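Hi,

Here is the model I promised to pass on. Have a look, and my notes follow below.

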Amino acid sequence: MKKISLPLAILLGLSAPAFAGDATAPVKEIMDATMKNWSGTDADWIDIFDDSRLTRLYSKDFVTKYQAAVQNPAADEDGISPFDYDVIVNGQDACPLQDLAYAPKPAANGTTEVVVTFKKATCMDDGSDKQAVTTVRFEVIDEAGKPVIDDVITAGDPGQPDNSLKNTMVQIAKGE
């Protein structure tokens, strides 16, 4: 058995924050629900922000911003969500998701980015690009020893910046 010098062992231990769990786990739970929502069956819609998921899968900062956004009178009229679109597919319409792939990136500054790609328009007959790949980036942090989603970032329109869900929630809470 090789021995590692103490300074090297300390350096290796400090090189990246260790997650107590799999950074993709909360992302996979959200994506599983999203896939079921767009499966094409008559299944009940799964709220990815219901109380049990919100407090278990998302960071405290995310939850605070979500709860502030829900309080806005301009929030979705059904009182369930401050959004009038699916924040994962970044739209109101989608097909059963296809070619789902996860690509976790190395942790940096306490955040692990989990990039998820999928096709959402394969059944559309409206001239949309059926083979277009949608990319969603989940920022996952460690909070109280478990990985939680701190932000969801979707690609902006061509020439526009990407959309941070936390920034969107702040705007909703302000009534903008």
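**Core, sheet and helices**

In the largest nonpolar core, which has 33 residues, Phe49, Tyr58, Ile88 and Phe138 touch the most other members. Core here means buried Ala, Val, Leu, Ile, Met, Phe, Trp, Tyr and Cys residues joined through side-chain atoms within 4.5 Å, with buried being under 20% relative accessible area (1.4 Å probe, protein chains only). Elements giving two or more residues to this core include helix H2 (25-37), helix H3 (51-57) and strand S3 (133-143); helices (H or I, at least four residues) and strands (E, at least two) are DSSP runs numbered from the N terminus.

A caveat: this is a predicted model, so to speak of local features takes pLDDT of at least 70 and side-chain atom pairs count only at pLDDT 80 or more, while totals for chains, interfaces and linings use all residues. Residues are numbered from 1 along each chain as its sequence is written, and side-chain values use heavy atoms, leaving out hydrogens and water.

Beyond its neighbours within four places in sequence, Phe49 is in contact (heavy atoms within 4.5 Å) with Leu54, Tyr58, Phe62, Tyr66, Phe83, Val87 and Leu165.

Now the sheet: five strands, open, in the order S1-S2-S3-S4-S5 with antiparallel pairing (two strands pair if DSSP finds at least two bridges between them). S1 (98-104) and S5 (163-164) are at the edges with a single partner strand each, so one side of each has no neighbour in the sheet. S3 and S4 pair over eight bridges, and Phe138 has Val152 in S4 as its bridge partner.

Cheers

Conventions:
Buried < 20%, exposed > 50% of the residue type's maximum accessible area, 1.4 Å probe, protein only.
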